[in-house]
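Colleague: I have the model open on my screen. Can you walk me through the sheet and what packs on it?
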Amino acid sequence: MAGLELLSDQGYRVDGRRAGELRKIQARMGVFAQADGSAYIEQGNTKALAVVYGPHEIRGSRARALPDRALVNCQYSSATFSTGERKRRPHGDRKSCEMGLQLRQTFEAAILTQLHPRSQIDIYVQVLQADGGTYAACVNAATLAVLDAGIPMRDFVCACSAGFVDGTALADLSHVEEAAGGPQLALALLPAAGQIALLEMDARLHEDHLEQVLEAAAQAARDVHTLLDRVVRQHVCEASILLGD
Amino acid sequence: EDLRVDGRGCEDYRCVEVETDVVSNTSGSARVKLGHTDILVGVKAEMGMPKLEKPNEGYLEFFVDCSANATPEFEGRGGDDLGTEIANTLYRIFNNKSSIDLKSLCISPREHCWVLYVDVLLLECGGNLFDAISVAVKAALFNTRIPRVRVLEDEEGSKDIELSDDPYDCIRLNVENVPCIVTLCKIGYRHVVDATLQEEACSLASLLVSVTSKGVVTCMRKVGKGSLDPESIFEMMETGKRVGKVLHTSLQSVLHKEESLGPKRQKVGFLG
């Protein structure tokens with residue numbers, strides 16, 4: 001394939017990173033005052049906002065209420081100006097619905113839903129700028145937002161994407177690397193126990209390489225966990241200073 | 001007595017924060033935070049065909065997305081009604097010859113023109129949506145940078161469009177005559193500017209006035225379940241013009257100050 005070299009001979013990627021290096025992550029909790037919990041994350045040029053409402057009473061039909069646990073409802077929406085080509089519909093198309101279902105699956109594994117029976121927890125994720133790794137950024141932002149809302153969780157949920165080029169596993173793919181057509185793996189991990197909440201892989205990959213790519217994604221997710229942990233501690237510090245402890 | 005619940009006077013705005021160039025892969029963007037109302041506007045410039053009745057002009061397309069972040073009722077298609085209403089209001093206030101110079105958006109008559117897609121994202125709803133959205137649209141249009149193109153004609157007569165090599169070579173829009181909306185809510189016998197959610201719930205009728213920086217009214221609309229008598233409409237219009245002029249001068253000064261800081265400006269966005 002002419003043109004773009006995803007991994008140079010010296011081991012540098014298109015944007016100058018090493019194979020296992022993450023993009024710069026900056027995050028903030030408590031962005032909106034009116035929501036129960038909110039968070040904003042920037043992973044390189046990918047920017048995502050997550051807002052959590054709940055736990056509250058089930059909206060719509062009461063028949064959907066589960067007698068022993070809470071219902072987790074997720075919506076994924078990406079702004080029309082988020083991608084290079086303007087998107088026509090922010091949400092409601094197939095990809096957004098699928099992402100919503102994946103987020104729901106991820107968070108049902110992590111949130112302690114047995115503590116809130118017959119209620120509903122809404123997680124709304126909005127992507128402001130998409131530059132690869134949107135699922136991972138959404139999961140990381142949603143984790144922070146759920147923590148900001150005070151909803152008890154089993155553990156952090158940290159996600160990262162990974163790919164495979166020229167025998168090397170790359171962590172945290174950008175849009176250019178995703179569009180090149182190689183295999184992509186999205187992984188959501190609960191770091192303390194090492195449990196996988198969601199694993200999804202696209203395109204062909206030989207099973208001998210799977211372990212290498214999986215390990216790269218897991219290591220990247222653990223690195224994300226260190227960063228998110230720091231963000232949460234700093235937020236709690238600031239909040240306790242404001243409360244005057 | 002001119003005192004509201006939060007200590008403001010009847011004609012005072014809440015603290016407004018405006019920041020441009022928040023989203024980097026758009027032609028222009030702006031974020032406005034007015035109390036608890038948070039709006040993000042992105043402008044994308046694309047090439048298209050001019051409309052048949054106006055072959056020498058480009059045009060603007062508005063789209064308003066009421067995100068579920070603002071309230072759970074906007075999930076799925078719940079925010080579509082409000083979004084369409086706001087988009088239609090934006091089309092009406094820009095529907096005159098003087099608001100924005102559409103002839104500068106034309107590349108070659110009847111064939112190519114710039115279409116500006118203005119996308120409004122409503123992130124948090126804390127009252128007074130129309131004012132915040134119109135301020136954000138004006139700031140985003142001020143920030144828009146459209147690449148300069150040249151039309152080359154070769155021997156057979158077929159035209160080729162060439163983009164300039166320098167990424168900083170671009171045309172800016174003149175937003176001097178872009179109007180801003182001032183919403184006046186009638187509460188009891190008085191009217192207030194910049195109502196919060198609680199004040200909007202108490203008011204039966206409101207008047208939306210779209211005012212340019214020179215004090216010219218381009219569009220006026222009454223919203224709400226209640227009715228207004230004609231004298232109050234004239235009073236509210238006068239207040240709207242007065243408040244609108246002040247809003248424009250302060251917005252212009254903020255935008256120029258931000259512009260003067262240049263490309264080394266610290267971009268805060270949602271992290272601040």
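**The four-stranded sheet**

Modeller: This is a predicted model. In chain A, four strands make an open sheet, ordered E7-E6-E8-E9, with antiparallel pairing.

Colleague: Which are the edge strands?

Modeller: Strand E7 (168-171) and strand E9 (195-202) of chain A, each of which pairs on one side only. From one strand to the next, the twist averages 25°.

Colleague: How many bridges join E8 to E9(A)?

Modeller: Seven, between strand E8 (residues 184-190) of chain A and E9(A), and the two run antiparallel. One residue to look at is Leu190(A), whose bridge partner in E9(A) is Gln195(A).

Colleague: OK, helices. What does H1 of chain A lie across?

Modeller: Helix H1 (residues 94-110) of chain A lies across E8 and E9 of chain A, and runs at about 155° to E9(A).

Colleague: And which strands does H4 of chain A touch?

Modeller: Helix H4 (residues 207-243) of chain A packs on the sheet and touches strand E6 (158-165), E7, E8 and E9 of chain A. The direction of H4 makes about 145° with that of E6(A).

Colleague: Changing topic: where does UniProt place the domain in chain A?

Modeller: The unreviewed UniProt entry gives "domain: Exoribonuclease phosphorolytic" at residues 21-152 and 155-219 of chain A.

Colleague: What is the helix and strand content of residues 21-152?

Modeller: That span of chain A is 25% helix and 33% strand, and its end C-alpha atoms lie 31 Å apart.

Colleague: And residues 155-219?

Modeller: There, chain A is 28% helix and 42% strand, with the end C-alpha atoms 17 Å apart.

Key
Residues numbered from 1 in each chain as written. Chains lettered and ligands numbered in written order. Predicted model: local features only at pLDDT ≥ 70, side-chain atom pairs only at ≥ 80, totals over all residues. Heavy atoms only, no water. UniProt positions renumbered as here; feature names shortened; annotations may be inferred. Pairing = 2+ DSSP bridges. Axes fitted to C-alpha atoms, helices over the stretch in contact; angles between N-to-C directions. Contact = heavy atoms within 4.5 Å.
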